[in-house]
Amino acid sequence: TAGTTSSTATVPIASTLAPGAYTVSLTYGGDGNYLAITTPVTVRVQISQLVPTISVVSSLNPVLVTNPVTFTATVASAAGTPTASVGFYDGTTLLGSVTLSSGKAAYITSSLTVATHSITAVYAGDSTFTSVTSSALAQVVQDYTLTFSGSGSSGGTGSSGSGTPSETVVPGGTATYTLALGPSNGATFPSPVTLTLSGVPPGATATISPQVLPAGS
């Protein structure tokens, strides 16, 4: 009786193939003992899209209202560098979309309202990589409070009342206003605060000290 002999061949599929369905045809060329098999045997191969990782970070958290903050998303994979774009969301509201560059995308905004915002980055996907969404980032936006009072000297009189403090000062006199600023939620300012002055009466001079409150004050 004739014996039966079998052999196994491993056929690697090139990793450079784009995701999709492929038909692989197999034939046997024969050797000194066996005839060739010229009728192809076909095998269907499905190459799936890869799942990258995605993360989002804030340049300043908390941030003072109206100050800019930058959200940076990183999309990465060991199998290559993802392309396409990333959408930045405040909850379910799209803030904006940015095209990836070397796996990173950055979005700058200064329009977030005073609150704690849930920021996520959503990668749209491309021909090789699937769409993915980052974990939520809790971005705190702080407001500030401002109270002030005044006092006159060298012949001046003042009145603070419940409205805007006012001072009446004779020529050569001075008026001093004390301003108290503080974040409405939190103990310190997350970024520097610059104070400016306008509306000084003609012939008068004025200074603010200090003019800049440093971050953390």
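**View 1. How much of the chain is tucked away: 24% of the 217 residues count as buried in this protein.** The model is a predicted one. Its exposed surface comes to about 13,800 Å², with carbon and sulfur atoms supplying 55% of that area.

View 2. Looking at contacts in the protein with a separation of 6 or more, 54% come from residues 24 or more positions apart.

**View 3. An open sheet built from 3 strands, in the order β3-β5-β8.** The pairing here is antiparallel. At the edges sit β3 (53-58) and β8, each of which pairs on one side only. Going from one strand to the next, the twist averages 15°.

**View 4. Zooming in on β3 and strand β5 (residues 69-76), which pair over 6 bridges.** These two run in the antiparallel sense. For a handy spot to look at, take serine 55: its bridge partner in β5 is threonine 74.

**View 5. Phenylalanine 88 and tyrosine 107, an aromatic pair that is stacked.** Phenylalanine 88 belongs to strand β6 (residues 85-90) and tyrosine 107 to strand β8 (residues 104-109), so the pair ties together parts that are 19 residues apart in sequence. Buried or exposed, these two? Phenylalanine 88 and tyrosine 107 are both buried.

How values were computed
Residues are numbered from 1 along each chain as its sequence is written. This is a predicted model: local features need pLDDT of at least 70, side-chain atom pairs count only at pLDDT 80 or more; totals for chains, interfaces and linings use all residues. Side-chain values use heavy atoms; hydrogens and water are left out. Rings of Phe, Tyr and Trp (its six-membered ring) pair if their centres lie within 6.5 Å; planes under 30 degrees apart count as stacked, over 60 as edge-to-face and the rest as tilted. Helices (H or I, at least four residues) and strands (E, at least two) are DSSP runs, numbered from the N terminus. Buried means under 20% relative accessible area, exposed over 50%, partly exposed in between (1.4 Å probe, protein chains only). Two strands pair if DSSP finds at least two bridges between them. Axes are lines fitted to C-alpha atoms, for helices over the stretch in contact, and angles run from 0 to 180 degrees between N-to-C directions. Contact means heavy atoms within 4.5 Å. Accessible areas come from the Shrake-Rupley method with a 1.4 Å probe; for residues, only the protein chains shown count as cover.
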